[in-house]
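Subject: Structure handover

Hello,

Here is the structure I promised you. Please open it next to this email and follow along as you read.

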Amino acid sequence: MELLIRNGFVYDPINGVNGERMDIAVKDGKIVEKVNERKARKIDASEMIIMPGGVDIHCHIAGAEVNTGRLLRPEDHFKDFEPKTAVSRSGVGYSIPSTFTTGYRYARMGYTTIMNPSMPPLEAKHTHEELSDTPMVDKASYPLLGDWWFVLEYLKEGKIEECARYVAWMIGSTKGYAIKIVNPGGLEAWGFGHNVSSLDDQVPCFCTTPREIIRGLCKVNGLLNLPHTIHLHTNNLGKPGNYATALETMKCVEDLATANRPVMHITHCQFSAFKGDDWRTVQSGAEDIANYVNAHSHVTLDMGQVIFTDTTTMTADGPFQYTLYELSGNKWVNHDVETETSAGIVPFRYRRKSYVHAIQWSIGLELALLIKDPWKIFMTTDHPNGGPFTAYPKIIAWLISRKAREKALNRINARARSRSLLPSIDRELSLYEIAVVTRAGQAKALGLKNKGHLGIGADADVAIYKINPETTDPSRKYKTVRRAFKRAAYTIKDGKIVVKDGKVLRHVEGATIWLDVQNSEPANITDDMKKRFREYWTVEYENYPVTEDYLAVSNPITVKASV
Amino acid sequence: MITLYPLREFKHPIIAECINPSVFSGRTSQEIEKLLVWEGNRQKTLGELFKVEEDKTADTRTIITIKGNVSRVRRIGMEMKGGEIVIHGDVGMHLGEEMKDGRIIVHGNAGGWAGSMMKGGTIEIHGNAGDYLAAPYRGCSIGMQGGRIIVYGDVGSEAGAHMKSGIIKIYGCAGQFAGFRMCDGTVYVQKDAESRIGACMTGGKIVVGGFLESVLPTFTIDTVRPKVKVEEGETVEGPLYLFLGDLTEHGEGKLFVSKEKNPHLQSYEKYL
């Protein structure tokens, strides 16, 4: 099918297009130079802006953890449900919607690629089953490798290349996309009821430290030439004073960077940017982190913005989730995933009038505004930890308009307001910068060559929003912007119009992206390894890997490793 | 004043949160007929299910009267902020869910979850009420936060679960687990109550005027009181045993049980 989007204001940061009136031609699911004008279906976008389809670098949408969250929270489904229509399936859930609803809601906001960031390798099959059931978007998943016993053992012995081979094997076996590290060392320690509190604490039984794990896996990432960097959830997350740990973490891989390319992505950075000694004195550490990031180019961040709402927190960081349970007294789930990782879930309500929550809200925005280069910080809520992804239009409004921020500031806790840096920040992101933080930057950080831009040959994932930048001043008319980003005028996925005016027109399956890492010398699957599977895992080696036919639509990306 | 008559006997559950004085006020009867409701999995208008009659002589438009059996209609008066609903007949689940103010009077029986998570206002039920009176939806731990519920008949299980504030008066009998996990507020049961009353309560007051099968072993006897005040102007004459609990939750809830009606609890007196 051919498609011609005419006369829209195009924002395509990867190709340097900033609001120019252009035509976009689409043929067979790709962006092309031109199409047959008479035959092609035409969309008149003369009053609209055109952006590449949105890319979300970090959102928990599938897997055992998310599903346990659904089971834990019947009250979350109760009020938010979508009836079945002629083309879409019914679904429920506000902070943890069912898979189909997740896909539809992303598509309605113009998102077309999303990344599920924490997949315990043991639960990979479950995760892929749910991802296959998430329609409308392309998706990928990051396996949790930071506390896998194999990694810990090889790093302890300093065998980086050997470690890289096993990581490659694991990424292939779980059909993963990047190396995810959560609270390195802490999850293994949690198996013994402990945690680590600094980068140089010893991990019990493995004689290694979080610093060695981070540096080791960072080197592994380089050896394997993976498109994304290591995706890191820092130690001490969610503790007052942890901005120092975050800075230390960024510093510890400084020397591994080459050619100004990032080597580390610190995810939901807001949760790692608390200054102060305890919860009463907690303050924003955003300025320190922003200063560091402004001066260095080896790290990218995402916001992890907090929304004042009732949500469900879920991470692989078991000890942190337990702390959160102790703080909130809410119902909770905590789980140790055999030799690999841990997990926890606690429902949580962020309140405007709570000092700490209001400070957290402020930190996320401060980070996004104080870091000058939008290619270094991306917009997320760490769905559903900071709030559901459906709040993205709200965050866009806060970023794009000082007025919107002031309005929200007036409603938060007074002490937090007086300590917030936001009143001193005048910066308002332009639509171009919004396109960077919501799609182009994320696609670039993920190394997705065909996503996040509208150049010739790119995947025809396009989002069209009803804003006329010539007549609308986004900073004053932030409500128009918010409305436009909430309901995309058109979402085009692989060249097909899937959403029009916020209504789902057709149900399409998205592909599951995974890395086919080709190393010259693959990992040696010895009898010893199989024996360890038999002894330490509940799943036998033969049943462990996810085969390609397990994915509904498979989209492998071949990577040539240097080992 | 608006009067609604069901046009037929309903077979499928109907979700009608629009039957609400806050929604009706300012709308003509033609507009009210066009409000959307769900019958089973079909969306319909209110006019397809009810005859809407507007009484123009009475100028208080915020009174809604329902005449007929609406026991399959759910969420009537959901989140209402004022006005009055009078129902002559039985009513379905989730009556007055999260209501903030106003009055609902039922001359009949109410289904489960009546006054669920309510924040203010009054609900009077002249018949029986179902399970989960004033209790939040499953999984949610924020129960009734204010207001009054008066039931003249019996109620089912878990009345007043997770209650945070307000008062529930039951002039009949109560089922199991009344006051489950309540942390404040008052539950008064004039007649008998089934067992496991006040399980996991951390605060608040439960008064049982009739027979109580047994007190949970995690409650400890405190004193015998001559009388207890239920609310302003209503006192229950004793003597009554006062139990404190639930100790598994380090609770400080008060459970008053009539001494006269419960001779089998006399053995507790030796711990006084």
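Two strands pair if DSSP finds at least two bridges between them. Keep that in mind for chain B, where B:Ile15 stands opposite B:Trp38 in strand 3. Strand 2 (residues 14-15) and strand 3 (residues 36-39) of chain B pair over 2 bridges, in the antiparallel sense. One caution before we go on: this is a predicted model.

**Chain B: strands**

**Chain A: a sheet with helices on it**

Now turn to chain A. An open sheet of 3 strands has the order 17-19-18, with antiparallel pairing. Strand 17 (310-315) and strand 18 (333-337) of chain A are at the edges. Each of these has a single partner strand, so one side of each lacks a neighbour in the sheet. On average, neighbouring strands of this sheet are turned by 15° against each other, direction ignored.

Strand 18 of chain A is joined to strand 19 (residues 341-349) of chain A by 5 bridges. A:Val333 stands opposite A:Ile345 in strand 19 of chain A.

Which helix packs on the sheet, touching strand 17, strand 18 and strand 19 of chain A? That is helix 1 (residues 64-72) of chain A. Its direction makes about 40° with that of strand 19 of chain A. Helix 11 (residues 318-328) of chain A lies across strands 17, 18 and 19 of chain A. Helix 11 of chain A runs at about 25° to strand 19 of chain A.

Two packed helices are described by the angle between their axes and the distance between the axes.

Start with helix 9 (residues 243-251) and helix 10 (residues 286-295) of chain A. Their axes come within 9 Å and cross at roughly 10°. That makes helix 9 of chain A roughly parallel to helix 10 of chain A. Helix 9 of chain A brings A:Tyr243, A:Ala246, A:Leu247 and A:Met250 to the contact. Helix 10 of chain A brings A:Asp288, A:Ile289 and A:Tyr292. By class, this contact has 6 nonpolar, no polar and 1 charged residues.

Next come helix 6 (residues 160-174) and helix 8 (residues 210-224) of chain A, packed at an angle of about 70° with their axes 9 Å apart. That makes helix 6 of chain A roughly perpendicular to helix 8 of chain A. The crossing is right-handed. Residues in the contact include A:Cys163 and A:Val167 of helix 6 and A:Lys219 and A:Leu223 of helix 8 of chain A. By class, the contact has 8 nonpolar, 1 polar and 2 charged residues.

**Between the chains**

How many residues does the contact take from each chain? It takes 4 residues from chain A and 4 residues from chain B. The side of chain A that touches chain B has 2 nonpolar, no polar and 2 charged residues.

Best wishes

Methods:
Residues are numbered from 1 along each chain as its sequence is written. Chains are lettered from A and ligands numbered from 1 in the order in which they are written. This is a predicted model: local features need pLDDT of at least 70, side-chain atom pairs count only at pLDDT 80 or more; totals for chains, interfaces and linings use all residues. Two residues are in contact if their C-beta atoms, placed from the backbone, lie within 7 Å. Ala, Val, Leu, Ile, Met, Phe, Trp, Tyr, Cys and Pro count as nonpolar, Asp, Glu, Lys and Arg as charged, and the others, Gly among them, as polar. Axes are lines fitted to C-alpha atoms, for helices over the stretch in contact, and angles run from 0 to 180 degrees between N-to-C directions. Helices (H or I, at least four residues) and strands (E, at least two) are DSSP runs, numbered from the N terminus. Angles under 35 degrees count as roughly parallel, over 145 as roughly antiparallel, 65 to 115 as roughly perpendicular and the rest as oblique. A crossing is left-handed if the near helix is turned anticlockwise from the far one by less than a right angle, and right-handed if clockwise.
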